[in-house]
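Open the model in your viewer and keep the selection panel handy. We will go from the whole chain down to single residues.

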Amino acid sequence: MTRIKPFPSVKKFNHLLTRLVDLREHPTAIGLFKDICNLGVPVNNYTLPIVLKSYCHCSRADYGFPVLGMFFKRGCALSAVTFSIPLRGLFMENKINEALELFLKIAREDLCEVDTLLYGIVIEGLCKKMKIDTALKVFDEMCDKGISPNVIVYSSLIRGLCSLSRWEQVSLLLEEMIGLKIYPNVVTFNCIVDALCKKGLVDKAEDVLLMMMQHNVIPDVVSYNALMHGYCSQRRVDEARKIFDSMTSRNVAPDIRSCNIMINGYCTMTKIDDAIHLFLEMHRKELRPDVVTYNSLLKGLFRVGRCSTALELFDELQVVGLKPNLYTYCSLLNGLCLHQHVKRAFLLLDELERKGEDVHITYYSILMDALCRDGKLGTAHAMFNDLHLIGLEPNVVTYNILITGCCRNGLVEEALKVFDSMSSKNVAPDIWSYNILIDGFCAMKMIDNAMHMFNDLHSRGLEHDVVTYNTLIKGCYRNGLFEEARKVFNSMNVAPDIHSYNILIDGYCTMKKIDDAIHLFVEIRRKGLMPNLVTYNSLLQGLFCVGRCSTALELFDELKVVGLKPNFYTYCSLLNGLCQNQHLRQAFLLLDELVRKGEDLHVSYYNILMNALCRGGKLRAAEAMFNELHSRGLEPNVVTYTILIQGYCRNGLFDEARNLLLEMERASLMPNAITYAVMLRGYLTRQKYEEAAKFIEEMNARGFCPDSSVLSMLLDLREKVEDSSITVSKIIRSWRR
């Protein structure tokens, strides 16, 4: 075009610039603008917004200021629309102070009329950056100058206030809007619906949807997507599906995001077949799955262990022309490592390197974590040291993984060395670095070191979070320093969470200080928290431990009333507690109820009852329970056999015990040290020393040694039973061999 004489009109150049911007070729557009200026081609007010937008898309809004000056010197009238472009660009670049300076300069020097558009951009930008109070001041200034806010301004403020849960101010703004006859539109309501859902207040979001319809505002796909996302976040995926299915009847077509929300919800709940069904349904509805869809499905398939299907889906993703992204590869590597396919994960990483794909430090961090979990700390350390060879630098997450690996293997001093080396690489430790080390020191009973790390946090400019406190509280408690644990709890400068309370409640229950535990349980609700299943399970165990069975049963009823579902540990605590307090009949009634309701049964429930029967001398009833297991679809485990063997030994029925031991081996269950110790203790208690000696030889042949309690019994017998001391000594010698 520049070779044509005379030059084409500026209109032609503007059209070319617009096409380049539409194609997102912003650097090329800027280059062309500079060329036409150098050639002396006249430009006009239509050229300026195009160039300013290109600079903003290149994240260089400030480079547009000289262009503004050039047009201003030429006497071009600059409008609010023109200034709105760099103003919005500065906010997008997070240059809040520069944006406010530009806004003040426009108003102070009267560069253009400051209208609702410019005020709206400033208020929106401040709200998006969580500067709500500043936005409200700008809003008040706007109103004082007689500039009328519009629905966009109000919507921006409402979105900002919602993000901070300032619901009363949201209500006041809505009333103010309606009073000024500025009626909320679908965007305004969507801001509220989305914020409520993100805060977990989905039922209130449903009420807002009803309010929308009452104001003749029709919810759109964004409204329903926000609601579905809210339900899925609360694991209420069936309710989300009802919303999804109702959209069509309300003349709202689900979009790709609607499907992605549902698929991700199903995958989170491990309802993978439902997710796949919806995935196939998308094709029938002519909705093309995107990389987000595939990423959710990959993660879900790996979560349920369907690795081969996940790998097939990954191949399909590439066949349909989609490009895997960071999250795709992270899901693949993480999923493979999770299911012990670490070698396959390394092959995938090798393939990425060979193809020249961009590799990310996160990929290596995932593999290092897998190696550490597999006990291959040396290999993980070597991988860490080689990162610089492939042009990667470890980040704080990589360091934290290596620190965790060291701590998990009891190498807390090595972990501290890794921690100290971070500063030499200009990597600042984060709160997790400290939390991991504090936990590592506590696990090694090095409480003083843990306390030192706890106190050192502030020198790094970090603040303790609730996890830091919980880690130290748990560490003190597990090392018998319960008073110290309570002091740490009382000194918390962040709000305790339910886990904080659970640690202390469990501690009090273990120490049989049940009234203190109950006092904390009551305090939980006063602090606006809800007890969870762990809370109830600890209290149930504690109450049964001190014989307060009726209170425990009342608590069990309360647990169900508040909407919690008893789990394996709940039922074990109940059955064990009832049996220990001689309420065997009630324990059997509970088990019958579980059978009648079709609840998932576990062999541990039967083990608890069989143990109680054996201890109560009801050996034949225990045998009957043992024989009943197969009809319940359960298989006896090592504990089951050991309980019945102990019952036989207590009653001197050693032939039955030996037969059961053989049956156990035929069932491909290997007796453990406890099983052998039970048999041996039975022989010794009945003074069957010859049989005990032979049995020890069998144990030695199988690679098992009696435990210290059996040795103590042998030494005690040698002192008490003089005529059999030779035999007892023989048994001891057999063990030592």
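This is a predicted model: local features need pLDDT of at least 70, side-chain atom pairs count only at pLDDT 80 or more; totals for chains, interfaces and linings use all residues.

Numbering runs from 1 along each chain as its sequence is written, and side-chain values use heavy atoms, without hydrogens and water.

Show everything as cartoon. The protein has 42 helices and zero strands (DSSP runs: H or I of at least four residues for helices, E of at least two for strands, numbered from the N terminus). The C-alpha trace spans about 125 × 60 × 55 Å along its principal axes. Buried residues (under 20% relative accessible area, 1.4 Å probe, protein chains only; exposed is over 50%, partly exposed in between) make up 47% of the 737.

Select 584–596. This is helix α34, with 13 residues. First to last C-alpha is 18 Å, close to the 18 Å expected at 1.5 Å a residue (1.5 Å times one less than the number of residues).

Now show side chains. Leu584, Ala587, Leu590, Leu591 and Leu594 are buried. They cover an arc of only 120 degrees around the axis, so they lie on the same side of α34 (the arc uses directions from the helix axis to the C-beta atoms). Turn to the opposite face: exposed Arg585 and Arg596 sit there.

Step on to Gly598, which follows α34 and has a positive phi near 70 degrees.

Finally, pick Ser54 in helix α3 (residues 47–57). Is Ser54 buried or exposed? Ser54 is buried, at 1% relative accessible area. Leaving out residues up to four places away in sequence, Ser54 touches Val21, His26, Ala29 and Ile30 (contact: heavy atoms within 4.5 Å).
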